[in-house]
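User: I have a chain here that I'd like to go through with you. Can you take a look?
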Amino acid sequence: MLMSNTDRPARLHFMANGFRVLAPGDHVLCAVSGARIALDDLRYWSVARQEAYASAEIATEAMASE
C-alpha cells in the first residue's frame, strides 16, 4: 500500500539556498504562529534555528528576538 503525503508535515533541513526533505510531507508549521505552510509556498526560514516562518514579517520578528 502506498502512503500519501497529503495532510502530513514534512521534516526539513534548512540550508542557505534551500532545504532538503528528511521526511516526506506536504507542509511544515510556522515556528511562531503555528500556521500551516505548503512546501511550495515556503519562502522564509532560519538556518541557525532550523525553523520555518509563514511570512517575512514573522521571520523578521523572530530573528529580532535573538
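Analyst: This is a predicted model, and we can go through its core, a strand pair and a helix.

User: Which residues in the largest nonpolar core touch the most other members?
Analyst: Leu-12, Phe-14, Val-28, Ile-37, Leu-42 and Ala-52 do, out of 14 residues in that core.

User: And which elements each supply at least two residues of it?
Analyst: β1 (11-15), β6 (51-53) and α1 (56-64). α1 gives the most, with 3 residues.

User: What is Val-28 in contact with, leaving aside neighbours within four places in sequence?
Analyst: Val-28 is in contact with Ala-10, Leu-12, Ala-35, Arg-36, Ile-37, Leu-39, Leu-42 and Ala-52.

User: Different topic. How do β1 and β2 run?
Analyst: They run antiparallel, and 5 bridges join β1 to β2, which covers residues 18-23. The two form a hairpin with 2 residues between them. Met-15 stands opposite Gly-18 in β2.

User: Back to the helix. Which residues in α1 are buried?
Analyst: Ile-58, Ala-59 and Ala-62 are buried. Seen down the axis of α1, the buried residues fall within an arc of 100°, so they line one face of the helix.

User: What do the buried residues of α1 pack against?
Analyst: They pack against β5 (44-46) and β6.

User: And which exposed residues are on the face turned away?
Analyst: Glu-57, Thr-60, Glu-61 and Ala-64 are the exposed residues carried on that face of α1.

Conventions:
Residues numbered from 1 in each chain as written. Predicted model: local features only at pLDDT ≥ 70, side-chain atom pairs only at ≥ 80, totals over all residues. Heavy atoms only, no water. Core = buried A, V, L, I, M, F, W, Y, C linked by side-chain atoms within 4.5 Å. Buried < 20%, exposed > 50% of the residue type's maximum accessible area, 1.4 Å probe, protein only. Helix = DSSP H or I, 4+ residues; strand = E, 2+ residues; numbered from the N terminus. Contact = heavy atoms within 4.5 Å. Pairing = 2+ DSSP bridges. Arc of directions from axis to C-beta.
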